[in-house]
Amino acid sequence: MPKNTKVTQREHSNEPVTESVADLLSLEHPMDYKSSQMSMGLSPGSTAPVKALLPSPDPDAEDGRPAWNNKLEYILAQVGFSVGLGNVWRFPYLCQKNGGGAYLVPYLILLILIGIPLFFLELAVGQRIRRGSIGVWNYVYPRLGGIGVSSLMVCGFVGLYYNVIIGWSIFYFFQSFQYPLPWAECPIHRNGTQAVVEPECEKSSATTYFWYRQALNITSSIDDTGGLNWKMTLSLLVAWIMVCLAVIKGIQSSGKVMYFSSLFPYVVLFCFLVRGLMLKGAVDGIAHMFTPKLEKMLEPQVWREAATQVFFALGLGFGGVIAFSSYNKRDNNCHFDAALVSIINFVTSILATLVVFAVLGFKANVMNEKCVVENAEKILGYLNTGVLSRELIPPHINFSHLSSQDYAEMYAVIKTVKEENFAQLGLDPCILEDELNKAVQGTGLAFIAFTEAMTHFPASPFWSVMFFFMLINLGLGSMIGTMTGITTPILDAFKIRKEILCVVCCIIAYLLGLLFVLRSGNYFVTMFDDYSAGLPLIVVVILENISVAWIYGTKRFMQDLEDMLGFRPYSFYFYMWKFVSPAVLVVLIFATVIEMAISPAGYNAWVEAEGSDRFQSYPPWALAMAYALIVVAMLPLPIVFIARHFSLISDGSNKLSVSYRKGMMKDISNLEEQDEQRFILSKNPSEAPSPMPAHRAYLGPGGTQEMTNTNYGTSTKTGYQNIGSPESEL
């Protein structure tokens, strides 16, 4: 210990010496911050400790933690993680289902109320503490350390089935390199001189048949596993190899991959938009999409689905957002990042919606024209056989050039005259609006409706290759974020080579993922999608919000943000974090539970004999498996809370990383030198300038009094508390 420190002086003098923060930190024992817990934000007499957020090491110090090469890589990584398959096949469906353009109003309102504030919160805690999800919430409040473990488990569940979707896209991608496309027509079997169309295909459609029979080779129920589908098993292997190569070097490798995987989908979407607008019927689809049905805005279901979409679109609660931001510099403007990524996500959803409905509008026109031709042939047959009188046909109608309007007029006349036996004629109305109202989402949109539309494109294989390559890149960007959310907390907690960890994780995930490439695997994908992430993630995010806003304290958090960013965030965030966001999330939890209770638990099983799907309830074992996914994902929350409440396990706060210790010891050395200078100049610590950046007490929104911290009955102002004290930092 240096000879001139006040601690040394006290040993040789009877005079009282005021200890500086540097003196307190110069001892080795205070490095265990478990002993310096503070009762922040608790009622007097409460013994439950609240861990203050820890400061990050000096970003310029050699702390060994990887960092983004530049800001663009980081933004692309966050965009790639948040913008995923849901933007392409979920958002357009919700728009169509919930009032068209009117749906955008509740979506934007909820994006502002819960989306951007909570996204900003996750970015901020990850950037300042510089840890993964487990480390972050262990330091914020150790008893809620289970938040990070639950996030990791949800990431694992989602990653298992999400990569299967990438595998499906890879299969379709390679199948697209042929003309005509293999799903353009139904297969024909030769029986001697007779050609017979595949019955299953004839009852459904060519694209539907290819998806269920050629790609999935699906069974008729979840009880019948049917064995492995070798084509999808190989596709899944390729998908996991791609993900492993992308994340094996951490952000050094994934950052480079993001340049392509995040930007290429936008190139494809713009190409599809330009091509789609040139197709007949595209304007009909877009007009149908954005025609607002304002009465829909009054339905609670619309707001619930909008909130859920906002929630999942930004990737809240998965841990990927926190993991990516933990590799940032301490003074990075994460407030700007939160707004930018959220806006890009929303604009991408709108762009994808334009593309989808331009293409579906074209498909609706093609199908409507096909309907008109088929029914016109029926009418001609009835005219030739005398079932219908030629006097029923308006004189201006030409069957060789029959338009939709002409058919509608002829249909109305026949229906009026032949009202009694009209149903026996078997004529369809062929209304374009009916085709546009056929809502499709998820795999039904990507692998059936969209693929069918592309068969009518000129140069259809080119567009098919582009479309499925885009899906692969969208999925890859989200999978990189998901895997980072898994590996970063593990790497923070254990000394493991990231290459070995990534390879082991990918191998285990591939073996577990074989469940989804059984012939019944699509039913398990539906189960995991419905149960593994929904309710657990909402619970995780509301606990994140509560731990920061109510346990750590919104005022302290705002002050920490001001110290980190160099400016005070808007008071808007104070009220959102403190009151609005928790209230909205509580309502969302209740709405989700009620929805699960009243909706029958089941899946759409493919019936080969009928050429269509039919809803079936889960058997008891599958229902138990579905609810087990929810329980297992949420189980770490009560287990960690109880274990730490009764001191059964360490709170993890004294397990500072080597990099953190290096940063702290560097600060201690600087403080000691300045403390010795103050002693030589005979200045009291309170008179000397602080070596740390000036901290201003946060007054709260419109507040007039400085916030005080209560610690063992002693009131100290925030400004003093923050000087060099790790407990007061974010």
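Buried means under 20% relative accessible area, exposed means over 50%, and partly exposed is in between, using a 1.4 Å probe on protein chains only. Keep that handy for the exercises below.

We're working with a predicted model, where local features need pLDDT of at least 70, side-chain atom pairs count only at pLDDT 80 or more, and totals for chains, interfaces and linings use all residues. Residues are numbered from 1 along each chain as its sequence is written, and side-chain values use heavy atoms, with hydrogens and water left out.

**Exercise 1. Find the residues that UniProt lists under "binding site", then work out where Val 83 sits and whether it is buried or exposed.**

Step 1: The unreviewed UniProt entry puts "binding site" at Gly 80, Val 83, Asn 87, Asn 345, Leu 474 and Ser 478. They are spread over 399 residues of sequence but cluster in space, with a largest C-alpha distance of 12.7 Å. A caution: UniProt annotations may be inferred rather than shown by experiment; their positions use the numbering here and feature names are shortened.

Step 2: Locate Val 83. Look in the loop between α3 (71-82) and α4 (85-89). (Helices are DSSP runs of H or I with at least four residues, strands are E runs of at least two, and both are numbered from the N terminus.)

Step 3: Val 83 counts as buried because its relative accessibility is 4%.

Step 4: List its partners, where contact means heavy atoms within 4.5 Å. Setting aside neighbours within four places in sequence, Val 83 touches Tyr 266, Asn 345, Thr 348, Leu 474 and Ser 478.

**Exercise 2. Describe the surroundings of Ser 478.**

Step 1: Ser 478 belongs to helix α21. With 6% relative accessibility, Ser 478 counts as buried.

Step 2: Beyond its neighbours within four places in sequence, Ser 478 has contacts with Gly 80, Phe 81, Val 83, Gly 84 and Tyr 162.

Step 3: Now the side chains. Ser 478 and Tyr 162 are joined by a side-chain polar contact of 3.5 Å. (That's a pair of N or O atoms within 3.5 Å; within protein, one must be able to donate a hydrogen and the other to accept it, and residues adjacent in sequence count only if both atoms are side-chain atoms.)

**Exercise 3. Work out what lines the second largest cavity.**

Step 1: A cavity is a set of points on a 1 Å grid over the protein atoms alone where a 1.4 Å probe fits but cannot get out; lining residues have an atom within 4 Å of a point. Grid points are joined across faces, edges and corners, and volume is the space filled by probe spheres set on the points.

Step 2: The whole structure has two cavities of 30 Å³ or more.

Step 3: Helix α17 gives the largest share, three residues.

Step 4: By class, this lining has nine nonpolar, no polar and no charged residues. (Ala, Val, Leu, Ile, Met, Phe, Trp, Tyr, Cys and Pro count as nonpolar, Asp, Glu, Lys and Arg as charged, and the others, Gly among them, as polar.)

Technical notes:
1 Å grid on protein atoms, 1.4 Å probe; cavity = no way out; pocket = protein on both sides within 12 Å on 5 of 7 lines; lining within 4 Å.
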